[in-house]
Amino acid sequence: MRPDPFATSAGAYVLGALSPEERHAFEQHLHGCAECRSEVHRLAGLPGLLSRVALRDVLADEPPAPPDTLLPGLLKRVRRARRVQRTVLISGSLALAACVLAVLAVLLVVPGRGSGGSGPPSPTVRAAAFAMTKVRPGPVDATARVSDTPGGSQIDLNCVYHDAVPGGWTNEPAYTLTVRDRYGTTHRVATWRIADGETSLTSGLTVSSDDISMIQLRDAHGTVLLRLRWPPPSPSARHS
Amino acid sequence: MDDEVELMRALHDEHAHALWAYVVRLTGGDHQLAEEVVQESLLRAWRNPRVLDQSVRPARAWLFTVARRIVIDHWRARSSRPESVSAEPPEIAVADGTDEAVQSWLVIEALRKLSLEHRAVLVECYYLGNSVAEAARRLQVPEGTVKSRTHYALRSLRLILEEMGVSE
């Protein structure tokens with residue numbers, strides 16, 4: 001096929017830069033060339049956008065870089081905002097035993113009261129609680145409830161342990177509750193050690209319930225034991 | 001390690017430079033105010049991760065719009081005080097969404113992303129109103145080169161603007 005002599009004329013045409021003769025020739029050509037017509041159509045809106053900008057702005061030098069203080073200031077504000085917003089979020093080191101005890105005092109809204117035996121979790125979480133699905137065999141079952149709060153959402157979790165150590169806290173490391181948001185980021189919401197029989201905890205997070213895609217309960221190694229897709233797939237998954 | 005700090009760092013790396021340039025201009029060169037406005041805009045994006053979902057709306061346009069509103073609010077607050085009654089914001093009207101002032105700035109940003117050759121032909125053939133023949137003389141390249149550069153310059157400009165969410 002013969003190359004189109006007007007193949008790159010559409011740009012100069014829409015800018016009005018062709019000479020009167022060239023312009024006339026190109027317009028004649030447009031009648032018979034669908035490709036050039038669609039090219040003109042594609043570029044036709046650009047002069048309008050260019051007209052919004054003054055020549056001096058186009059010729060202006062590259063703008064200066066932001067000051068060095070910008071990023072440190074931002075990160076400081078991020079840390080401050082997070083401290084204020086997360087009331088229950090625990091991400092502290094488990095090495096600090098004293099710290100962990102303080103944490104448990106906050107997390108255990110309802111202290112362990114189960115028998116330590118098997119069976120479904122007792123309905124400590126009353127409304128719209130969903131049973132979490134077992135991903136791999138483990139000694140824990142849980143239900144979760146998600147509700148909205150002004151700053152994000154709140155998760156009420158109720159765990160029942162089938163092999164709880166009699167007499168209270170184990171020395172084993174903690175379970176962790178994580179939330180994956182729909183942008184793929186995983187947030188650690190809470191960490192705790194297993195209690196005798198049952199744990200109920202309430203955690204606030206800055207992710208809104210609309211943005212939650214998955215709630216996961218992990219063991220000490222970070223392996224997911226239970227999960228709940230959010231929003232739950234069907235009403236039948238509802239645990240009453 | 002720390003997802004949220006990393007998110008902010010990423011936001012900063014991607015947008016701070018462009019946002020800074022825009023806001024410095026909006027504030028008439030008041031660097032102290034500009035820094036506050038840029039920080040506040042990025043913090044708002046960080047608090048609303050949904051903004052960053054580029055499939056819904058390009059984050060850059062959102063950030064520019066937010067920054068512009070903050071500056072305008074600042075101007076309004078100032079001009080309600082007696083000592084600076086004369087201080088008037090350059091333009092007050094803010095529509096929902098990406099308003100025209102923000103779009104103009106996005107066009108400037110898009111033009112900056114073009115190669116020097118591409119920008120030069122647009123300056124010649126559009127802003128200076130020169131014909132292809134005149135531009136060819138001034139740039140010392142053949143007329144055919146001016147035509148094809150103009151053509152490809154507009155094509156890339158269109159792509160860049162589409163990515164930024166600017167519609168004609």
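Start at the interface: 46 residues of chain B are in contact with 40 residues of chain A, contact being C-beta atoms, placed from the backbone, within 7 Å. On the side of chain B that touches chain A, helix 1 (3–26) is one of the helices that each supply at least two residues, and helix 1 of chain B gives the most, with 10 residues. Helices here are DSSP runs of H or I with at least four residues, strands are E runs of at least two, and both are numbered from the N terminus.

A word on conventions: this is a predicted model, in which local features need pLDDT of at least 70, side-chain atom pairs count only at pLDDT 80 or more, and totals for chains, interfaces and linings use all residues. Residues are numbered from 1 along each chain as its sequence is written, while chains are lettered from A and ligands numbered from 1 in the order in which they are written.

Now turn to confidence, given as pLDDT (the predictor's confidence in each residue, from 0 to 100). Over residues 86–106 of chain A, pLDDT stays under 50.

Finally, look at strand 4 (residues 152–161) of chain A, which is largely enclosed by the rest of the structure because eight of its 10 residues are buried (20 or more other C-beta atoms, placed from the backbone, within 10 Å of a residue's own). Strand 3 (residues 140–149) of chain A runs antiparallel to strand 4 of chain A, joined by 10 bridges, and a hairpin links the two through two residues. Strand 4 of chain A also pairs with strand 7 (residues 198–205) of chain A, antiparallel over eight bridges; pairing requires at least two DSSP bridges.

Methods:
Two residues are in contact if their C-beta atoms, placed from the backbone, lie within 7 Å. A residue is buried if 20 or more other C-beta atoms lie within 10 Å of its own, exposed if 12 or fewer, and partly exposed in between; C-beta atoms are placed from the backbone.
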